[in-house]
Amino acid sequence: SYWQFWYRLYRKRRMWMWAEPDGTIVAAPLNYNQKPTYYFGDTGGLGKGYDRFNFIPVESMEWRANKQQRIAVSYVIGNRGDKTSFVQKAIDPSMRTWIKRPISIVNSPHAHGPGEARAEALEELFESKVGATEITIVIANPGIIIRQDRMCFLNISKANVRGEFYVVGSKIVGNLNDGFYQEVRLRE
């Protein structure tokens, strides 16, 4: 489709596409290495130093793991243009103990050497991991729009969930009678 074409084009340049909560479409590299912008949850179980941050209370949390899209082995077939083809393979070591280890076989028109084919095989493994575990939290509207492509720190002491997560999306929901809430999607 139209969007798949642009998505693949940007992914080849190590960039992602997403829509901001106000409808703006953005294409840019991801900022995984930044410090947390948002702090969600509570300060329970945290040591000193975290008390200086304003934690946004979490109303509810949903944890979803979709392991069915994961692949264990990725084969990429490429060719040099002179009718000689080659195959490169990448293996996900974290799935070694799984009973079912799905494979993916991709014929790549972009891989003109074994190194490029290996890079595409590793990218296929990465793409299957992204989104495998997703956390959705609901917060009372803090007066700001929670933006995508930011890091956050999440601490929910009752559920023993703590760590830095990547904000992949947010949606404002609600009405005038019940108030406004933001639904924020996070990934490890």
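View 1. The accessible surface comes to about 11900 Å² (Shrake-Rupley method, 1.4 Å probe). Carbon and sulfur atoms account for 52% of that surface. This is a predicted model, in which local features need pLDDT of at least 70, side-chain atom pairs count only at pLDDT 80 or more, and totals for chains, interfaces and linings use all residues. Residues are numbered from 1 along each chain as its sequence is written, and side-chain values use heavy atoms, with hydrogens and water left out. The protein chain carries 26 positive side chains (Lys and Arg) and 19 negative ones (Asp and Glu). The centres of the two sets lie 7 Å apart, with charges placed at NZ of Lys, CZ of Arg, CG of Asp or CD of Glu.

**View 2. Order of elements.** The protein chain has 2 helices and 11 strands (DSSP runs: H or I of at least four residues, E of at least two). From the N terminus they run α-β-β-β-β-β-β-β-α-β-β-β-β.

**View 3. The largest nonpolar core.** This core has 15 residues. Its members are buried (under 20% relative accessible area, 1.4 Å probe, protein chains only) and joined through side-chain atoms within 4.5 Å. Phe40, Ile137, Ile146, Leu154 and Leu186 have the most contacts inside it. Strands S3 (38-41), S8 (133-140), S9 (150-156), S10 (161-175) and S11 (179-187) each supply at least two residues of this core. Apart from it lies another core, of 8 residues, among them Ile71, Val76, Phe86 and Ala121.

**View 4. Surroundings of Ile137.** Not counting residues up to four places away in sequence, Ile137 touches Phe40, Val58, Ser60, Met61, Leu154, Gln182, Glu183, Val184 and Leu186 (contact: heavy atoms within 4.5 Å).

Note on methods
Buried < 20%, exposed > 50% of the residue type's maximum accessible area, 1.4 Å probe, protein only.
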